[in-house]
Amino acid sequence: MRNVHKMMLLAGLAVAACALYLFHDLNGSFDYALPRRGVKVFAMVLTGVAIAYATVVFQTITHNRILTPSVMGLDSLYMLLQTLLIFFLGSDHVTILNKQVNFLLSIAVMVVFALLFYRLLFKKGNQPIYFLLLIGIIFGTFFSSISTFLQVLIDPNEFQMVQDRMFASFNNVNADLVWTSLAFVAVLIAVAWRHNASLDVLSLGRDAAVNLGVNYDSLVKGMLVLSAVLIAIATALVGPITFFGLIVANLSYQFFKSYKHSVHLTGAIVISIIALVGGQWVVERVFTFNATLSVIINFIGGVYFIYLLLKESRSK
Amino acid sequence: MIQVRELTKFYGKKQVVENVSVDIQRGKITSFIGPNGAGKSTLLSMVSRLLDADTGEVLIDSTNTKKMKANDLSKRVSILKQSNYMDVRLTVRELVSFGRFPYSKGRLNGEDEKMVDQAIGYMDLESMEQSYLDELSGGQRQRAFIAMVIAQDTDYVLLDEPLNNLDMKHSVQIMKILRRLVDDLGKTVVIVLHDINFASVYSDRIVAMKNGRVVKDGTTEEIIQSAALKEIYDMDIPIQQMDNCRICVYFNS
């Protein structure tokens, strides 16, 4: 099967998943149920796009296919920020109550952090990938330890607010943020899409990319910030999902035999829409809410991650 | 002409390239020789902007490379390094097509395809252009990478030890191709070599480096002399004239 046909097949599946989720068992409730389902589908699609794009790009700039942008500790940073806000400002402060303000603040903090990360790791020449992993793990642990510490001290009612944001949930997506997120994602991807060919060159390694006239440093920096913003958006919309990007990116690499980012980015996006919308439908209709999608994703993702590790170690 | 002006590079506190100035003439093969750790590869990396120099500048046809856009520079100077690690699986043709990136930005037009065909033909890779690189032998892979550089169509081609890990037959094949690039297409080739006999037989000029400095710079006849080699390698190397080649017999000196 050629790549075009595979892509059409997957796109068909994605549309089918969305239609199934929207219209299954609707019982003519066009005024009540449909708009609510619509917002959820929309949020899931946005999340899928953001995570898929961020992961594929991040894996290219780090030259590693078993990393996700969350190794930078972005998820834990998000939790730390929420905890700090509630701890110091209280749950009735504008930065918590106004979701748009909270959203923009989260994005700003995560971008600043990504830039610091870039300075630490990418700027000083070719630091080995282990360094990135180690620093990321240390930051992640550091952030979540502080969060836990503050959460212990916090007033129990306030803690409810924190907990609300701790777990990924597609059952109560942040509907207020959908439009802001859409604007961000659309603009970012429109800008980033032009760099697909440069990202293809980046897969040849730094030296070859510089030789071919790619502005390596600024491209890596830009793409790192892009990943951070996209992850921030996905996290703000539904909460942290660790393994999801890893699954969809690698499924796309396996499914499409190509070196082109335009193919893999589209592929990963479509696969993630199928997985999220289809998965959520299964959770709601088959498991009747007895399991959450994030648990299933992390379970499948974990198994797949181990499979990838074993495969990589065998191929070396 | 590439003019290197007082280039210096430190790795930590160690100075690996010390105040090097050297001119590389157009339309010639210039070989860089010298013991391990002399700074040859570092110098080549700085000339091609893979590495930032700590001080000094590089002029290409009288323009400072720092003032050139990355994309413009990549149409004039290309470099091939020793290790060619890749994240992706590519066919020979896909790799060679990447050489057209500075011109086409990934969208190859008719002329780009023609250049790719030419480069593949030049390196005698037609029969394997659809093969994946990881299915090829070391020599074939090296030829594919050189084909990419040829497709890049730059006046200046820098090669960092292109004969590494190649057997005699493939080494000779590659050196002959480089000679043709200079003689037929008017390119300028700069090459780091470890085997001084390849340098002696194929190059027009030789630059010898030692401890981060240029110790000798001249025509091949001037450098391939026992006295000069003694200064570069601290070895007494007798030189034999065989046909038109000057061969250094260093094996038992």
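Student: Which hand is the crossing of α5(B) and α6(B)?
Tutor: Right-handed (the near helix is turned clockwise from the far one by less than a right angle; left-handed is anticlockwise). This is a predicted model, where local features need pLDDT of at least 70, side-chain atom pairs count only at pLDDT 80 or more, and totals for chains, interfaces and linings use all residues. Residues are numbered from 1 along each chain as its sequence is written, with chains lettered from A and ligands numbered from 1 in the order written.

Student: At what angle do α5 and α6 of chain B pack?
Tutor: About 140°, with the axes of α5 (residues 110–122) and α6 (residues 138–152) 8 Å apart (axes are fitted to C-alpha atoms over the stretch in contact, and angles run from 0 to 180 degrees between N-to-C directions).

Student: Which residues of α5(B) meet α6(B)?
Tutor: Met115(B), Val116(B), Ala119(B), Ile120(B) and Tyr122(B) meet Ala147(B), Ile150(B) and Ala151(B) of α6(B) (contact means C-beta atoms, placed from the backbone, within 7 Å). The residues of this contact are eight nonpolar, no polar and no charged.

Student: New topic. What is the strand order in the open sheet of chain B?
Tutor: β2-β1-β4-β5, four strands with antiparallel pairing (at least two DSSP bridges per pair). β2 (14–24) and β5 (63–64) of chain B are at the edges with a single partner strand each, so one side of each has no neighbour in the sheet.

Student: How many bridges join β1(B) to β4(B)?
Tutor: Five. In one of them, Ile2(B) is partnered with Ile60(B).

Conventions
Helices (H or I, at least four residues) and strands (E, at least two) are DSSP runs, numbered from the N terminus. Two residues are in contact if their C-beta atoms, placed from the backbone, lie within 7 Å. Ala, Val, Leu, Ile, Met, Phe, Trp, Tyr, Cys and Pro count as nonpolar, Asp, Glu, Lys and Arg as charged, and the others, Gly among them, as polar.
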